[in-house]
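Open your viewer and get ready to select residues. We will go stop by stop.

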Amino acid sequence: MTNSEPFRVDIPQSQLDDLTARLANTRWPDELPGVGWSRGVPAGYLREVAEYWRDGFDWRAQEAAINAYPQHLVTLDGQNLHFLHVRSPEPDATPLLLLHGWPGGVVDFLDVIGPLTDPRRHGGDPADAFHLVIPSLPGFGFSTPLAGPGMNAYRMAGIFAQLMAFLGYGRYGVHGYDWGAWIAARVGRRDPGRVAGVHVAALVTVPVGEAGELDGLSAVEQGRWERMQNHNDAYFQCNSKRPQTIGYALTDSPVGQLAWIVELFKELTDPVEGLPEQSIDRDRILTDVSIYWLTGTAASAAQVYYEEMSAGSPAMNGRGSVPTGVLVSAHDVTIRRWAERDHHVVHWCELGRGGHFLAMEAPDALVADIRTFFAKVRQGFTVSVDRASS
């Protein structure tokens, strides 16, 4: 462990000029007529977004928005770690670790920082304030280079527990979505004496082969299970089996990186039939894509898939003991009985709207549910209340 150093995002102009030149010189493939999004991102749509990325998108404005918050670099367990550390003006605020997923980063949480750290200024109760620690996952964004093989979710969880101890937080909460949810549960397993509660969204739950575990699923749960089975997981297969190989294409072609990510925003936002920017601001999407491009982290960010799916990551045995809250968006495929099998679920909310990226799609709903869950934790989590929102 070393001391942390202040950090600011400051991309050299030469890198931005190179991006502009590469976008201008893109080699575009032909496409079949009349197939829409069924075989991948349509060329017409991608040309439009790429042109905006080249001529309309203001990276420096987005860079300034990130740099508005204190950032640091630290080395833990041999891994360089970048994180935002935003303390609340409320001295008794609850420390909260926010963990992003793929294809995401710390910018996913920019819209929730204000309401979570300073509820007094955002129409909330000061008792619901949080000190926020928002790291880039190892291998993502500015948490590079990846320390080496073996950087699985369990090891990442240990690094994040070390980070919270390094910052002096004796008791803290965790929120995560996607990979962040997967890792958050393991933070609770690795540091149960200090983790007050784990709140998750986009939680993946799976059957484990027990007798009767598929019996009696509700119609909604049947639909979720079918969507999980029928999901087009081409990116999942590439990332989990050949992350280095796909990394060459994505690191050499900005339009390739754009297509790879924007398709996930199309498939995972709500409504599914809409364009990504109908759910998330186009500049925010391009900020996310730009960070992957400018840091050259397509391959290193994909390594966690390989570690978990191909390299034999440590399994979570038994049921976790840390109080857990689950927020389920309209897009999520989370099955309650399987979540309760693995986690100590004390709070369950069916949101009824929103997609995979709630911090960007429905930040108000995410903030409200985080507040509700941790208020319950502070009160001793003696009552489990289901809540539905529209």
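This tour covers model confidence, salt bridges and a cavity.

**Stop 1: confidence.** Colour the chain by pLDDT. This is a predicted model. The protein averages a pLDDT of 94, and 97% of the residues score at least 70. Now select residues 382–390. Here the pLDDT is below 50.

**Stop 2: Arg22 and Asp252.** Show both side chains. They meet in a salt bridge, at 3.4 Å from N to O. Arg22 sits in helix α1 and Asp252 in helix α9, so the pair ties together parts that are 230 residues apart in sequence. Asp18, Arg22 and Asp252 are linked in a network of salt bridges.

**Stop 3: Glu48 and Arg282.** Is each partner buried or partly exposed? Show the pair first: their side chains form a salt bridge at 3.3 Å, N to O. Glu48 belongs to helix α2 and Arg282 to helix α11, 234 residues apart. Glu48 is partly exposed, at 45% relative accessible area. Arg282 counts as buried, at 17%.

**Stop 4: Arg336 and Glu340.** Stay within helix α13, residues 336–342. Arg336 and Glu340 are four residues apart, about one helical turn. The whole structure has 17 salt bridges.

**Stop 5: the largest cavity.** How many cavities of 30 Å³ or more does a search find? It finds four. The largest has a volume of about 70 Å³. Select some of its lining, including His100, Ser136, Phe140 and Tyr292.

How values were computed: Residues are numbered from 1 along each chain as its sequence is written. This is a predicted model: local features need pLDDT of at least 70, side-chain atom pairs count only at pLDDT 80 or more; totals for chains, interfaces and linings use all residues. Side-chain values use heavy atoms; hydrogens and water are left out. On a 1 Å grid over the protein atoms alone, a cavity is a set of points where a 1.4 Å probe fits but cannot get out, and a pocket is an open set with protein on both sides within 12 Å along at least five of seven lines; lining residues have an atom within 4 Å of a point. Grid points are joined across faces, edges and corners, and a volume is the space filled by probe spheres set on the points. pLDDT is the predictor's confidence in each residue, from 0 to 100. Contact means heavy atoms within 4.5 Å. A salt bridge is a side-chain nitrogen of Lys or Arg within 4 Å of a carboxyl oxygen of Asp or Glu. Helices (H or I, at least four residues) and strands (E, at least two) are DSSP runs, numbered from the N terminus. Buried means under 20% relative accessible area, exposed over 50%, partly exposed in between (1.4 Å probe, protein chains only).
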